[in-house]
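Colleague: I would like a close look at a single part of this model. Please take me through one chain, step by step.

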Amino acid sequence: METTLIEKLDASRYKMILWFTIGWGGWFGAFIAKDLITNTFTIGVLSIFGFVGWALWFVNLLRLIKLGNLIKSDNHLKKALTDELLIHNRDKSIATGFWTFLILTVLFLGLSTFTDISALLVCEAMLFIGVLSTLISSLIYYKQ
Amino acid sequence: MENQELRNQIKVQRAIKSITQEELASEIGVTRKTINTIENGKFVPSTILAIRLAHFFEIPVEELFELIDI
C-alpha cells in the first residue's frame, strides 16, 4: 500500500514538473517573443499562448507545493521521495542551469561588443533559458 | 587502480529473498528508481545506503558491493 503510494507520488511529481516546464516555456517564451514582434495578430496569438502557459505553470506550482506539504507531513514518504538519487539529480540540474547561465552571459557580453542590446531583454532571456535548462535537465536526469 | 568498477549482488540477493525492487525500496526508504539505478550500476550509493542494504540482506557490505579491476 505504502510502496504504491511512493511510486505513485514519484510519478505524479515527474508529470507536475513536466507540465510546470511546458507552462514556463509557453508563458515566458511568449512574454519575451512579444517584445520582439510588431505584428498585432501574432502578438494576440502569443498573448493567448502565454496565458495558457501561465495557467499551466501556476496550477502545477500549486500542485507541487501541495505535494511538498504532503511529503513533509509523513517521515517515511519524506525519506523515500527525497532520497540520495533525487538529491544527486537535483544537484546536476542546478549545475546545468548554472553553466547555461554562465555561457549565456559570455554570449551576450560578446554580442554587446557588436551591437546594442536591451538590458531588459538580456535579463528576461537569461531568466527564461536559465530556469528552462534547469527544469529540462532535471526531467532528462530523472529518465536516465 | 584507475579502471575500477563497482559491481553488486543486489539482484541475486533479491532473488534469494524473493522480493521486488519496489518492496526493497520501501524497506530501505528510497524510491524504486534508486534501487534500479544502483542494481544496474548507473548510480553509486552512499556508504550509509550501502550499509543499510547490506543490513537488510544480512550480509557484509563487501559481499554485496565489490570493486572490480577492469
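Which element of chain B has the lowest mean pLDDT, and which has the highest?

Modeller: Keep in mind that this is a predicted model. Among the elements of chain B, strand 1 (residues 4-8) has the lowest mean pLDDT, 89. Helix 1 (residues 10-17) has the highest, 96. Over the chain, the average pLDDT is 92. Of the residues of chain B, 99% score at least 70. That matters for reading a model. Where pLDDT is low, the predicted coordinates should not be read in detail. For the model, ipTM is 0.83 and pTM is 0.86.

Now the layout. Chain B contains five helices and two strands. Along the sequence, the pattern of chain B reads β-α-α-α-α-α-β. Along the principal axes, the C-alpha atoms of chain B fill a box of roughly 35 × 20 × 20 Å. Of the 70 residues in chain B, 24% are buried. Now take the contacts in chain B with a separation of 6 or more. Residues 24 or more positions apart account for 62% of them.

Next, walk along the chain. Ser18(B) sits in the loop between helix 1 and helix 2 of chain B. Its phi is positive, about 55°, although Ser18(B) is not a glycine. Why does this deserve a remark? Most residues other than glycine have a negative phi. Ser18(B) has 7 C-beta neighbours inside 10 Å, so it counts as exposed; the cut-off for exposed is 12 or fewer.

Then comes helix 2 of chain B, residues 21-28. Here Leu24(B), Ala25(B), Ser26(B) and Ile28(B) are buried. After helix 2 of chain B comes Gly29(B), which has a positive phi near 90°.

Helix 2 also meets a partner. Two packed helices are described by the angle between their axes and the distance between the axes. The axes of helix 2 and helix 3 (residues 32-39) of chain B come within 8 Å. They cross at roughly 110°. Helix 2 and helix 3 of chain B are therefore roughly perpendicular to each other. Helix 2 of chain B brings Gln21(B), Glu22(B), Leu24(B) and Ala25(B) to the contact. Helix 3 of chain B brings Arg32(B), Thr34(B), Ile35(B) and Asn36(B). By class, this contact has three nonpolar, three polar and two charged residues.

Glu58(B) is another residue other than glycine with a positive phi, near 60°. Glu58(B) is exposed, with 8 other C-beta atoms within 10 Å.

Last, chain B touches chain A. The contact takes 14 residues from chain B and 12 residues from chain A. On the chain A side, helix 1 (2-36), helix 3 (75-81) and helix 4 (84-112) each supply at least two residues. Helix 1 of chain A gives the largest share, five residues. By class, the chain A side divides into four nonpolar, two polar and six charged residues.

Technical notes: Residues are numbered from 1 along each chain as its sequence is written. Chains are lettered from A and ligands numbered from 1 in the order in which they are written. This is a predicted model: local features need pLDDT of at least 70, side-chain atom pairs count only at pLDDT 80 or more; totals for chains, interfaces and linings use all residues. Two residues are in contact if their C-beta atoms, placed from the backbone, lie within 7 Å. Helices (H or I, at least four residues) and strands (E, at least two) are DSSP runs, numbered from the N terminus. Ala, Val, Leu, Ile, Met, Phe, Trp, Tyr, Cys and Pro count as nonpolar, Asp, Glu, Lys and Arg as charged, and the others, Gly among them, as polar. A residue is buried if 20 or more other C-beta atoms lie within 10 Å of its own, exposed if 12 or fewer, and partly exposed in between; C-beta atoms are placed from the backbone. Axes are lines fitted to C-alpha atoms, for helices over the stretch in contact, and angles run from 0 to 180 degrees between N-to-C directions. Angles under 35 degrees count as roughly parallel, over 145 as roughly antiparallel, 65 to 115 as roughly perpendicular and the rest as oblique. pLDDT is the predictor's confidence in each residue, from 0 to 100.
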